[in-house]
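Biologist: I have a model open on my screen and I'd like to learn how to read it. Could you walk me through it?

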Amino acid sequence: MEGEPVNVNEFQELARQALPKMYYDYYSGGAEDQYTLKENVEAFRRITFRPRILVDVSRINFSTTVLGYKISAPIMVAPSAMHKLAHPEGEIATARAAAASNTIMVLSSMSSCSIEEVASSCNAIRFFQLYVYKNRDVAAQLVQRAERNGYKAIVLTVDAPMLGRREADIKNKMIVPPIKNLEGLVSTEVDNDEGSILEGFANGALDTSLCWRDIGWLRSITNLPILIKGVLTREDAIKATEVGVAGIVVSNHGARQLDYTPATITVLEEVVHAVGGKVPVFLDGGVRRGTDVFKALALGAQAVLIGRPVVYGLAAKGEYGVRKVFQMLKDELELTMALSGCPNVKDITRSHVKTEHEKIH
Ligand code: FNR
């Protein structure tokens with residue numbers, strides 16, 4: 001690629017050039033046939049706009065609030081594991097970029113920097129993503145550490161009782177690097193060194209018995225609001241509101257878990273309708289353009305999260321790269337709002353987009 005990247009997708013190529021194949025494959029890959037990986041992006045392309053004209057767009061304001069925290073744009077950092085594989089400064093660089101971009105970072109349980117290191121390195125608003133391990137005490141300790149260190153919410157990931165089958169990782173025998181956050185809590189030693197070592201580790205450590213009643217357990221050990229990440233159906237959206245979560249993330253884990261789940265943007269409305277405004281709904285998966293952010297908001301999301309774009313920015317250019325990724329998406333969102341006749345986030349409505357099979361009368 002010639003010159004500086006001009007969009008988020010171009011960071012992917014830079015990341016590919018910067019990273020060893022094993023790590024690039026880990027970041028970019030999806031599960032099995034990677035149907036969902038492609039769909040997450042393609043489904044956004046099938047949604048078109050119904051722009052409104054002659055609206056005063058001399059002032060565009062895309063700031064918003066998430067759980068009461070004001071952020072500069074409805075775009076947050078999705079939790080993704082092991083940032084030191086992308087850049088030596090790891091999650092600290094990501095968190096600084098989130099702070100500079102005035103947005104929220106969700107720190108992964110599987111982070112290469114600890115909860116404490118990330119907290120003390122910047123003043124970004126931080127949420128903590130939780131995986132529940134077989135030893136429930138580990139989850140309790142992680143949650144307490146997050147709470148003590150000023151994280152504002154727990155994001156419970158519910159789509160990964162076992163790790164999805166990521167075939168590139170199996171071929172590459174993907175390693176488990178040091179995961180500082182789990183030091184002294186979970187052993188990352190794996191007996192079997194065939195296939196993906198990471199998969200072996202995850203499948204040995206994750207608690208496959210986690211179920212709905214455990215949300216009550218989680219609520220009993222923390223005062224923080226709990227978001228549930230990995231909802232794809234109206235049935236589960238309704239259950240989630242019944243058990244008292246503070247928000248729902250429509251997510252298929254960036255297509256890394258169950259292949260042939262639908263693109264998240266195609267099930268967003270189903271979830272939004274089921275939730276009926278009781279709690280905010282967020283979306284991740286395939287967001288690569290400001291137009292994608294706009295489409296998600298039009299279909300009812302309060303904000304989106306981005307996973308791979310952050311990691312690619314980090315791999316290519318460290319903290320600066322992540323800042324740049326956010327800046328590009330914000331610039332594109334601003335332009336989309338201006339050209340659609342929506343000066344404020346609340347002006348973006350369902351009638352500003354058209355989905356594939358929809359007839360407009
Ligand atoms: C993830 N994701 C993820 N989710 C989670 O809850 N905990 C985690 O540790 C990770 N780790 C992780 C690593 C990598 C390399 C990727 C790409 C993703 C999923 C992530 O939070 C999010 O759902 C997706 O990344 C969103 O899709 P896009 O933006 O990558 O298309």
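This is a predicted model: local features need pLDDT of at least 70, side-chain atom pairs count only at pLDDT 80 or more; totals for chains, interfaces and linings use all residues.

Biologist: How many helices and strands does the protein have?

Modeller: Helices (H or I, at least four residues) and strands (E, at least two) are DSSP runs, numbered from the N terminus. Here there are 13 helices and 12 strands. The radius of gyration, taken over C-alpha atoms, is set against a globule rule of 2.2 Å times the number of residues to the power 0.38. The protein comes out at 19 Å, close to the 21 Å that the rule gives for 361 residues, so it is as compact as a globular protein of that length.

Biologist: What share of the residues count as buried?

Modeller: Call a residue buried if 20 or more other C-beta atoms lie within 10 Å of its own, exposed if 12 or fewer, and partly exposed in between, with C-beta atoms placed from the backbone. By that count, 52% of the 361 residues are buried.

Biologist: Which residues touch the most other members of the largest nonpolar core?

Modeller: A nonpolar core is a set of buried Ala, Val, Leu, Ile, Met, Phe, Trp, Tyr and Cys residues joined through C-beta atoms within 7 Å. The largest one has 121 residues, and Ile248, Val250, Val271 and Val304 touch the most other members. Helix α13 supplies the largest share of this core, 13 residues.

Biologist: Now the strands. Which residues sit on each side of β11?

Modeller: In a regular strand the side chains alternate between the two faces of the sheet. In β11 (residues 303–306), Ala303 and Leu305 are on one side, Val304 and Ile306 are on the other, and all are buried. Two strands pair if DSSP finds at least two bridges between them. β4 (residues 75–77) runs parallel to β11, joined by 3 bridges, with Met76 opposite Leu305. β10 (residues 281–284) also pairs with β11 in the parallel sense over 3 bridges, and there Phe282 stands opposite Ala303.

Biologist: How far apart are the ends of α13?

Modeller: The expected span of a helix is 1.5 Å times one less than its number of residues. α13 (residues 308–340) has 33 residues, and a straight helix would reach 48 Å, but its end C-alpha atoms are only 27 Å apart. To look for a bend at a residue, take the angle between axes fitted to the seven residues ending there and the seven starting there. α13 has a kink of about 140°, centred on Lys317. After the helix comes Gly341, with a positive phi near 75°.

Biologist: Which residues is Val322 in contact with?

Modeller: Two residues are in contact if their C-beta atoms, placed from the backbone, lie within 7 Å. Val322 belongs to α13 and is buried, with 33 other C-beta atoms within 10 Å. Leaving aside neighbours within four places in sequence, Val322 contacts Ala93, Thr94, Ala97, Val310, Gly313 and Leu314. Val322 and Ala93 are 229 residues apart in sequence, yet 8.3 Å apart in space, C-alpha to C-alpha.

Biologist: How many residues of α4 are buried?

Modeller: In α4 (residues 90–100), 9 of the 11 residues are buried, among them Ala93, Thr94 and Ala97. The buried residues of α4 pack against β4, β5 (104–107), α5 (115–121), β6 and α13.

Notes: Residues are numbered from 1 along each chain as its sequence is written.
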